[in-house]
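Me: I'd like to go through this structure with you, one question at a time. Have a look below and we'll start.

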Amino acid sequence: MKPVLPALVLIASMGLSHSVASAASTTAAPTAAAASQAVNARGVVTHYATLVQANYADTLAAAQDMQAAIARLVASPSAEHLASARKTWLAAREFYGQTEAFRFYGGPIDNDDGPEGRINAWPMDEAYVDYVAGKPGAGMVNNPKFAITKKRLAQANERGGEENISTGWHAIEFLLWGQDLSETGPGDRSFEDFVDGKSPQAARRRQYLSVVTELLLDDLGSVAKAWAPGAKNYRAKFEKGGQESVRKIIVGLGSLSRGELAGERMEVALNSQDQEDEHSCFSDNTHRDVVNNATGIQNVWLGQYQRRDGSALQGPSLRDLVAARDAAVADKTSAQIAASVAAAQAIPAPFDRAVVGAKDAPGRQAIQKTIDSLVDQSKLLVQAASAVGITKLTLSQP
């Protein structure tokens, strides 16, 4: 992802009640626990940490499935194994996309030492990694002097420019799909790119794919560990943070809503009409990125999460906390967040074609509707914060 944009507003905090009653939502009924007992900041923060850990654990498990599929591709390149690796990449992104709601407040993924830039940085200059049309010898894959190790790939990431991406989801995506040169579908890299004698530097390409995947698993594992229960880690401190942790949760939702999702990920591509500005441009998965980001916001707001094994988490939520102070604001925010998810789901695929055309083109209108809804929900999130005594937020702006 692009770097977090500068914070424009200072923080001021006020006290939260530790005993406030929950109110019903027009979007989702409160849990029996929330309805029968007081909802307070500590309960909301503790459940949030449980939700975060579950989402990262599911992401890590799905990424491990991807790693296994990539290992099969590397060991025995074939069209079938390449298709399987692509499928597992897409499946893992469904979970990772929802974790974006846990960013933008200096947590373990994007603090000064956090791995977010290695995990999900974009947009990517493909020629930094491997060959592209017109440049058959481009990239580190085709440079025998470059040692393909986790350390070297991490050092190379964003060196000399923010588009010099060498690691993470999108480097793996490019290696699996190749450049997207089609107006109707994703990239179409041949499995023969990984076959000795069929493509130059096939062995190095296999090595790069294996190593960059291992690095991604390391980084995802470190974030998951920071949120593990019962340990002396970030989660332990966060759960004791009270109102400050509530503020961080809302900062994450507001910043993703406006600055990142509506701004960097949608407005930029809508204005440029350039597929290079879409998030997952090689696989044509950007429409799902948008849906999952919007869903992640809704998950946190409602205190809910659908786990990889089909089970559901539900507990004390921001929505409950706000409803106890201002039911009208809570209901408006819930409805607006639900509208954003629905609008995101209505964006036609592929995203790189939806952004093209006149202002009244159906795809562009669908994207603009989603942007407008996300902007409105970010304003309501500020009101929700005010309702619980947090008067100013540090939100990233477009």
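Me: Let's begin with glutamine 273: is glutamine 273 buried, partly exposed or exposed?
Reply: Buried means under 20% relative accessible area and exposed means over 50%, with partly exposed in between, using a 1.4 Å probe and protein chains only. Glutamine 273 has a relative accessible area of 32%, so glutamine 273 counts as partly exposed.

Me: Before we go on, what kind of model is this?
Reply: Residues are numbered from 1 along each chain as its sequence is written, and side-chain values use heavy atoms, with hydrogens and water left out. Local features need pLDDT of at least 70, side-chain atom pairs count only at pLDDT 80 or more, and totals for chains, interfaces and linings use all residues, since the model is predicted.

Me: Where does glutamine 273 lie, and what is its phi?
Reply: Helices here are DSSP runs of H or I with at least four residues, strands are runs of E with at least two, and both are numbered from the N terminus. Glutamine 273 lies in the loop between helix H9 (243-272) and H10. Although glutamine 273 is not a glycine, it has a positive phi of about 55°.

Me: And glutamate 158, what are its accessibility and its phi?
Reply: Glutamate 158 sits in the loop between H5 and helix H6 (169-177). With a relative accessible area of 29%, glutamate 158 is partly exposed. It is not a glycine, yet its phi is positive, at about 65°.

Me: What about the bond into proline 123?
Reply: Proline 123 is in the loop between H4 and H5. The peptide bond that reaches proline 123 from tryptophan 122 is cis, with omega near -10°.

Me: How far is alanine 147 from arginine 204 in space?
Reply: Alanine 147 is in the loop between helix H4 (116-120) and helix H5 (150-156). At 34% relative accessibility, alanine 147 counts as partly exposed. Alanine 147 and arginine 204 are 57 residues apart in sequence, and their C-alpha atoms are 9.6 Å apart.

Me: At what angle do the axes of H10 and H11 cross?
Reply: Axes are lines fitted to C-alpha atoms, for helices over the stretch in contact, and angles run from 0 to 180 degrees between N-to-C directions. The axes of helix H10 (residues 286-302) and helix H11 (residues 318-325) come within 5 Å, and they cross at roughly 55°.

Me: How is that arrangement classed?
Reply: Under 35 degrees counts as roughly parallel, over 145 as roughly antiparallel, 65 to 115 as roughly perpendicular and the rest as oblique. So H10 is oblique to H11.

Me: Which residues make that contact?
Reply: H11 brings Leu318, Arg319 and Val322. From H10 come Val300, Trp301 and Leu302.

Me: How many residues line the second largest cavity in each class?
Reply: Ala, Val, Leu, Ile, Met, Phe, Trp, Tyr, Cys and Pro count as nonpolar, Asp, Glu, Lys and Arg as charged, and the others, Gly among them, as polar. By class, the lining has seven nonpolar, three polar and no charged residues.

Terms used
Contact = heavy atoms within 4.5 Å.
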